[in-house]
Amino acid sequence: MPPDPTPRSAALVRDFVNTVDRDLGTDALATAAGLADFLRSHALLPGAHRTTERHRAAALRLREGLHEALELNHVGQDAPLTALDEVLRQLPVRLRWAGDGVVVAPTDGGVEGALAQVALAALEARAAEDWWRLKVCAFDECEWAFYDQSKNRSRSYCEYGCGNKVKTRAYRARQRADRAPALRGVR
């Protein structure tokens, strides 16, 4: 399998949003242990830290807020996301001097700091102009986050065949609609 060309920060945001799979009905963050597994698998959380239900609730709010933001990228709109703003305000981050410039960094090395790193990845993706390529699949049954690699950023569906499903359903609905008047007159 070829390496993922998605920039690192955008990939982290995408992967975090995709911890819920609406198509399969699975949620990697269904438990506090699942949250810890995700954060450790992405090297965001050292092994000694324990996750709690409070951490999991914050992660779910962050994931839902980022999902909403990616939906806006898909439709090309800008709207206030007060729930996401609230979650972001609670994350432990601060500005500091790094010797060669000002950086934003988590002030906590635990779970809150790991969630802050996810949010900071969104900031980094925006600064690198990668944010606008992060979208949510337009197929309502999927809503998988993906990185749009098309030249003009016009993709609407993830690469899992969702566009085909939508087009096939629309075609079949048109076929049924075309047959319906003929069937009504047969009685």
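The legends below describe close-up views of a predicted model.

**View 1. The β3–β4 hairpin.** Strands β3 (residues 93-97) and β4 (residues 102-106) run antiparallel and are joined by 5 bridges. Trp-97 stands opposite Val-102 of β4. The hairpin has 4 residues between its strands, and Gly-99 in this turn has a positive phi of about 90°.

**View 2. The largest nonpolar core.** This core contains 37 residues, and those with the most contacts inside it are Val-13, Phe-16, Leu-39, Leu-62, Leu-66, Leu-115 and Trp-131. Two or more residues are given to the core by each of α1 (8-17), α2 (32-41), α3 (53-75), α4 (82-90), α5 (111-127), β5 (134-136) and β6 (145-147). Helix α5 supplies the largest share, 9 residues.

**View 3. The surroundings of Leu-115.** Residues up to four places away in sequence are not counted here; Leu-115 then touches Phe-16, Leu-35, Leu-39, His-55, Ala-58, Ala-59, Leu-62 and Leu-91. Another core, of 7 residues, lies apart from the largest one and includes Cys-137, Phe-139, Phe-146 and Cys-158.

View 4. With a disulfide taken as a pair of cysteine sulfur atoms within 2.5 Å, the count comes to 0. Cys-142 is in no disulfide, and the nearest cysteine sulfur, that of Cys-162, is 3.6 Å away. Cys-142 is buried, at a relative accessible area of 10%. For Cys-158, the closest cysteine sulfur is also in Cys-162, at 3.7 Å, which is too far for a bond. Cys-158 counts as buried as well, at 5% relative accessibility.

Technical notes. Residues numbered from 1 in each chain as written. Predicted model: local features only at pLDDT ≥ 70, side-chain atom pairs only at ≥ 80, totals over all residues. Heavy atoms only, no water. Pairing = 2+ DSSP bridges. Core = buried A, V, L, I, M, F, W, Y, C linked by side-chain atoms within 4.5 Å. Buried < 20%, exposed > 50% of the residue type's maximum accessible area, 1.4 Å probe, protein only. Contact = heavy atoms within 4.5 Å.
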